[in-house]
Amino acid sequence: MKSIKLLQLAIISSVIVILYMFFQWKIIDMITEFLMLPVLLIVFGFFIFITIRAIITLFKNKNWKPLVIQVFTILLLIFIPFNQIILNLNFKWNKSEREQVANMVKNGELKPNVSYNSSLIHLPKEYTHLSSGGGDIVVEKSGKNYNILFFTYRGILDNFSGFVYTANDRKPSKKGLMETLKKLIR
């Protein structure tokens with residue numbers, strides 16, 4: 001492999017891996033967890049192959065540039081909290097719209113509308129992007145207050161994550177929300 005071509009492939013593989021890290025949850029939401037293995041094999045397989053070629057080129061041709069790019073990318077993967085960055089951006093970009101949805105729930109404009117679960121609300125089309133995995137939110141009412149879960153990851157049978165809206169800015173009770181989520185899974 002020519003050293004210029006290997007340098008270009010090192011840059012391309014590094015950019016693809018970094019883009020994957022930024023967009024992995026969107027990709028999972030689009031193609032599901034079941035199809036992620038082939039995507040991971042392609043993305044990281046290509047990156048590992050180019051890294052091995054860069055190591056061989058370093059010893060054979062004394063060309064260190066492709067390996068530096070690969071090592072730099074590995075260091076980025078280790079030290080940059082991609083998931084936390086994406087979650088923070090998601091929270092900030094969608095906060096006002098999520099608050100609008102919460103107000104719609106409190107005002108009775110949005111009511112549970114999923115036949116198999118009285119705690120689920122399927123959001124209108126313009127708001128489905130606020131909750132991953134299909135645009136559903138989980139609503140728990142305790143007294144006059146509401147706890148509303150917007151999914152960031154829906155999971156298959158369990159393992160979910162999300163942002164919880166609470167009217168009083170307190171953490172929701174784990175017991176109440178967990179009871180609601182257990183009903184959701186059943």
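This is a predicted model: local features need pLDDT of at least 70, side-chain atom pairs count only at pLDDT 80 or more; totals for chains, interfaces and linings use all residues.

Student: How many of the 186 residues count as buried, as a percentage?

Tutor: A residue counts as buried when its relative accessible area is under 20%, and 34% of the 186 residues fall in that group. The accessible surface of the protein comes to about 12000 Å², and 64% of that surface belongs to carbon and sulfur atoms.

Student: What span should helix 2 have, going by its residues?

Tutor: The expected span is 1.5 Å times one less than the number of residues, so the 26 residues of helix 2 (residues 36-61) should span 38 Å, and the 36 Å between its end C-alpha atoms agrees with this. Among the buried residues of helix 2 are Met-36, Val-43, Phe-47 and Ile-50, and just after the helix Lys-62 takes a positive phi of about 60°.

Student: Is Phe-79 buried or exposed?

Tutor: Exposed means a relative accessible area over 50%, and Phe-79 is therefore exposed, because its value is 64%. Phe-79 lies in helix 3 (residues 65-79), and together with Val-71, Ile-74, Leu-75 and Ile-78 it makes a nonpolar surface patch of about 470 Å².

Student: Which residues of helix 3 are buried?

Tutor: They are Pro-66, Leu-67, Gln-70, Thr-73 and Leu-76.

Methods:
Residues are numbered from 1 along each chain as its sequence is written. Side-chain values use heavy atoms; hydrogens and water are left out. Patches are made of residues with over 30% relative accessible area and no salt bridge: like charges are joined within 9 Å, nonpolar side chains (Val, Leu, Ile, Met, Phe, Trp, Tyr) within 5 Å. Accessible areas come from the Shrake-Rupley method with a 1.4 Å probe; for residues, only the protein chains shown count as cover. A salt bridge is a side-chain nitrogen of Lys or Arg within 4 Å of a carboxyl oxygen of Asp or Glu. Helices (H or I, at least four residues) and strands (E, at least two) are DSSP runs, numbered from the N terminus. Buried means under 20% relative accessible area, exposed over 50%, partly exposed in between (1.4 Å probe, protein chains only).
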